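Please keep the sequence and the structure in view while reading.

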Amino acid sequence: AGIPPTAGFFAKYLIFFSAVKQHYYFLAVAVVINACVGIYYYFRIIPLMYFKTPDAEHTTLSMPYKIFMLALIVLVIVLGLFPSLIINLL
């Protein structure tokens with residue numbers, strides 16, 4: 001959603017003002033609309049995290065799910081530390 005002290009906020013802020021400065025108003029409007037949609041989805045999760053009791057059947061994770069999540073965690077860390085691995089492919 002881009003909450004002010006985070007990097008996502010500054011990225012959206014720079015994209016928005018760069019688009020306005022270059023007269024790409026459609027892109028600026030798209031950034032604002034996408035931010036609003038993101039805020040809607042992110043803020044719907046908060047009450048579920050704090051106020052809804054979990055179902056007993058959903059508290060354990062299957063092994064394929066755990067392996068998939070571990071692979072995604074490793075991928076995020078590796079690409080965060082070495083972004084040139086994916087940039088060089090483009």
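Of the 90 residues of the protein, 6% count as buried, where buried means under 20% relative accessible area, exposed means over 50%, and partly exposed lies in between, with a 1.4 Å probe and protein chains only. The protein exposes about 8200 Å², of which carbon and sulfur atoms supply 76%, the areas coming from the Shrake-Rupley method with a 1.4 Å probe and, for residues, with only the protein chains shown counting as cover.

This is a predicted model, in which local features need pLDDT of at least 70 and side-chain atom pairs count only at pLDDT 80 or more, while totals for chains, interfaces and linings use all residues. Residues are numbered from 1 along each chain as its sequence is written, and side-chain values use heavy atoms, with hydrogens and water left out.

The mean pLDDT, the predictor's confidence in each residue from 0 to 100, is 84 for the protein, and 90% of its residues reach 70 or more. Confidence is lowest in helix 4 (residues 84–87), at a mean of 82, and highest in helix 3 (residues 63–81), at 91.

The secondary structure comes to four helices and zero strands, helices (H or I, at least four residues) and strands (E, at least two) being DSSP runs numbered from the N terminus. The radius of gyration of the protein is 18 Å, well over the 12 Å that the globule rule gives for 90 residues, so the protein is more spread out than a compact globule; this radius is taken over C-alpha atoms, and the rule is 2.2 Å times the number of residues to the power 0.38. Along the principal axes, the C-alpha atoms fill a box of roughly 55 × 40 × 20 Å.

His23 is placed in the loop between helix 1 (7–21) and helix 2, and has a positive phi of about 65° although it is not a glycine. Leu48 lies in helix 2 (residues 25–51), and its C-alpha atom is separated by 32 Å from that of Leu27, 21 residues apart along the chain.

A search of the whole structure finds three aromatic pairs; rings of Phe, Tyr and Trp (its six-membered ring) pair if their centres lie within 6.5 Å, and planes under 30 degrees apart count as stacked, over 60 as edge-to-face and the rest as tilted. Two of the pairs are set out here.

| Pair | Centre to centre | Angle of planes | Type |
|---|---|---|---|
| Phe16 and Phe17 | 5.1 Å | 80° | edge-to-face |
| Tyr40 and Tyr41 | 5.2 Å | 75° | edge-to-face |

Ring pairs also link Tyr13, Phe16 and Phe17 into a cluster.
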